[in-house]
Amino acid sequence: MNHPAPVEVTYKNMRFLNPTNATLNKFIEDWPFHDGAPPFNQTVDDWLSLVTINFHEDPGCCIAVHCVAGLGRGPVLVALALIEGGMKYEDAVQLIRQKQRGAFNSKQLLYLEKYRPKMRLRFKNSNGHRNNCCFQ
């Protein structure tokens, strides 16, 4: 299957990329979930842990997210990271759809609408105030 052209989504200090077939060999994790469905809770937890660790260790890095067609599972994971980083779900969906036409199906949109962030990608600074970025 031909993979769509690479698309980069950027929000605050977070960068995400859906890669091309040529770069798939650089992936470090594999968290499959059913095509067209929202992710499992454990997948969400693992994904957000990976995002948090990577943006702490390498601020400004770019995390690649892959799914077969680049329209569902990958965009859902990116949307979750954006929402956890402080973006409203509607804005996350709009931003991703501006970059990747046809992203998300109705089941995934309903999941994102009902998703309640735990602010996992916001951290308190030394003054005890929350930062709106994913690292201190």
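Student: Tyrosine 111 and tyrosine 115: buried or exposed?
Tutor: Both are buried. Buried means under 20% relative accessible area, exposed means over 50%, and partly exposed lies in between, using a 1.4 Å probe and protein chains only. This is a predicted model, so local features need pLDDT of at least 70 and side-chain atom pairs count only at pLDDT 80 or more, while totals for chains, interfaces and linings use all residues. Residues are numbered from 1 along each chain as its sequence is written, and side-chain values use heavy atoms, with hydrogens and water left out.

Student: How many aromatic pairs does the structure hold?
Tutor: It holds 1 aromatic pair. The ring centres of tyrosine 111 and tyrosine 115 are 6.1 Å apart and the planes are at 45°, so the pair is tilted. Rings of Phe, Tyr and Trp (its six-membered ring) pair if their centres lie within 6.5 Å; planes under 30 degrees apart are stacked, over 60 edge-to-face, and the rest tilted.

Student: What order do the elements run in?
Tutor: From the N terminus, β-β-α-β-α-α-α. That comes to 4 helices and 3 strands. Helices (H or I, at least four residues) and strands (E, at least two) are DSSP runs, numbered from the N terminus.

Student: Which residues touch the most others in the largest nonpolar core?
Tutor: Phe16, Trp47, Ile63, Leu82 and Leu112, out of 34 residues in that core. A nonpolar core is a set of buried Ala, Val, Leu, Ile, Met, Phe, Trp, Tyr and Cys residues joined through side-chain atoms within 4.5 Å.

Student: Which elements give two or more residues to it?
Tutor: β1 (7–11), β2 (14–18), α1 (41–57), α2 (73–84), α3 (89–99) and α4 (106–114). The largest share, 8 residues, comes from α2.

Student: How many residues of α2 are buried?
Tutor: 12 of its 12 residues, so α2 is mostly covered. Among them are Arg73, Pro75 and Glu84.

Student: And which residues of α1 are buried?
Tutor: Thr43, Val44, Trp47, Leu48, Leu50, Val51, Thr52 and Phe55.

Student: What span should α1 have?
Tutor: Its 17 residues should span 24 Å, and its end C-alpha atoms are 24 Å apart, which agrees. The expected span is 1.5 Å times one less than the number of residues. α2 reaches 17 Å from its first C-alpha to its last, close to the 16 Å expected.

Student: New topic. What comes just after α2?
Tutor: Glycine 86, with a positive phi of about 115°.

Student: Where is methionine 119?
Tutor: In the segment after α4. Methionine 119 counts as partly exposed, at 30% relative accessibility. Its C-alpha is 6.6 Å from that of glycine 85, though they are 34 residues apart along the chain.

Student: Is arginine 116 buried or exposed?
Tutor: Exposed, at 57% relative accessibility. Arginine 116 is also in the segment after α4.

Student: What about confidence: which element has the lowest mean pLDDT, and which the highest?
Tutor: β2 has the lowest (73) and α4 the highest (93). pLDDT is the predictor's confidence in each residue, from 0 to 100. Over residues 123–136 it is below 50. That stretch still has 36 contacts in the model beyond near neighbours in sequence. Contact means heavy atoms within 4.5 Å.

Student: What does the protein average?
Tutor: The average pLDDT is 75, and 69% of the residues score at least 70.
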